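Work through the exercises below with the sequence and the model open. Each task is followed by a solution in steps.

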Amino acid sequence: MIIDIKTKQKGDGKKFFQYVIPSVLSFALSGVYTIVDGFFVGNSIGDLGLSAVNIAYPIVAVIQALGTGLGMGGAIYYSICKAEKKDAQAREYTAGAMWLLLISSVILTISIFLLNGSLLKLLGARGEMLVLGEEYISVIAAGAVLQVIGTGLVPFIRNHGGSFYAMVSMIAGFVTNIILDYLFVWVLEQGVAGAAWATVIGQGVTMLTALAYLLRKKQFTLSIPFSKMGKVAAAIIRIGIAPFGLAMSPNISLIIINRFSVSYGGEPAIATYACIAYVICIIYLILQGVGDGCQPLLSQCYGEKNWTDLKDTRKLAYGFAFALSIAGCIILHLTRGSLGVLFGASGEVNLEIARIMPIFLVSVPFVAILRITTASFYATEKSVYSYVLTFIEPLFMLALMLILPPFFGGQIMIWWSTVWARVLSAVLALILKQRVDRQEMSA
């Protein structure tokens, strides 16, 4: 049952943080999953292993983002229907999302198995990097069902008022992943395959704990009339495209950066960005955690047509996300000289990380604006605006990388292209937000 939310009351800030803090911690842990693999593989195999996991990670991200998108799409409609007192429809959206998670995970598993090598080549893997990447992804594909369902159930837990339990389920999977990474990669020396098995099993633990919560609360259901499945699925997918894209955005950027870096900076540049991406993506996920954490509040206010409370909640989200972005920038700037060492990178790569990290930190506050605005759009059925903000960043990035590096400095312009793409995306987000605010005031 959704907790009654009245954000204009004295306890609005308390309610906001009760939802958002567990979500932020959950998303931070999901980012640390990747760091754990990079840490153990990098210190076991070196730059080559680190680059292989990095270049293969977008495939892993698709699996997790699919679960996030479908789960979030179903959970948003669940919250809106509950706010409108349409309990039967709310349960139909729960069932529809569960069926979509099951079916899509099976299709994804088969597809990745069949296209493993081709996808990695498309991402730029060659030679030994390709061999290691195939070894990693073949295991990840085997556990795709666990990952899709595990990530898809978490938004439902949050929308049922179980933000803290959602965090607990993530922690359970995270601890499992660390223990098994140590055992498989270092003790048993299973290399990238061992890291992949640790990730899959960790996600399986998250799935089981999340499923246990929904079953205990009697909120898990697969019961939906066949005649309604098409309409429900279409609605879930329509909303879910934006959170899917938002979860994928850093990885789409990763693909673009890796592809251009192969031409300009080679393997050292890929290894450099691998280390940077591992840590800076945690900040991006934390910012997404703010947006997705307040989504139940935004969706309920939207369902109740309570525009004042909706705007108050969104203001809290902007302020908190901006504060977290600044704190993250300070921490990464102070630790930039040791990040490569953490992942077992070479001295050359470590020096390059310290040199270019400040460039990437420039864009972090702008990412905060972009993430909160996008989340507020898909939480309130502004699907078209959320699509635009989700996919405009990689388009800006691609355009800038086609123009800037050839004429203004090669690899360094690859790095700056990412910054300018995020700044431009944030500016567009503010323009669209003002437009929506004017529409709501005139409604």
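**Exercise 1.** Find where helix α3 is kinked and by how much.

Solution. The kink in α3 is centred on Leu115 and amounts to about 70°; the bend at a residue is the angle between axes fitted to the seven residues ending there and the seven starting there. Next, take the span: α3 covers residues 87-122, 36 residues in total, and its end C-alpha atoms are only 46 Å apart. A straight helix would reach 52 Å at 1.5 Å a residue, the expected span being 1.5 Å times one less than the number of residues. Finally, just after α3, Gly124 has a positive phi of about 105°. Helices here are DSSP runs of H or I with at least four residues, numbered from the N terminus.

The model is predicted: local features need pLDDT of at least 70 and side-chain atom pairs pLDDT 80 or more, while totals for chains, interfaces and linings use all residues. Residues are numbered from 1 along each chain as its sequence is written, and side-chain values use heavy atoms, without hydrogens and water.

**Exercise 2.** Determine whether Gln147 is buried or exposed, and what its side chain contacts.

Solution. Gln147 lies in helix α5 (residues 144-159). Its relative accessible area is 0%, so Gln147 is buried (under 20%; exposed is over 50%, partly exposed in between, with a 1.4 Å probe and protein chains only). Leaving out residues up to four places away in sequence, Gln147 touches Val60, Ile63, Gln64, Ile140, Thr199, Val200 and Gln203, contact being heavy atoms within 4.5 Å. Of these, Thr199 is 52 residues away in sequence and 9.0 Å away in space, C-alpha to C-alpha. The side chains of Gln147 and Gln64 make a polar contact at 3.4 Å (N or O atoms within 3.5 Å, one able to donate a hydrogen and the other to accept it; residues adjacent in sequence count only if both atoms are side-chain atoms).

Definitions and conventions. Helices (H or I, at least four residues) and strands (E, at least two) are DSSP runs, numbered from the N terminus.
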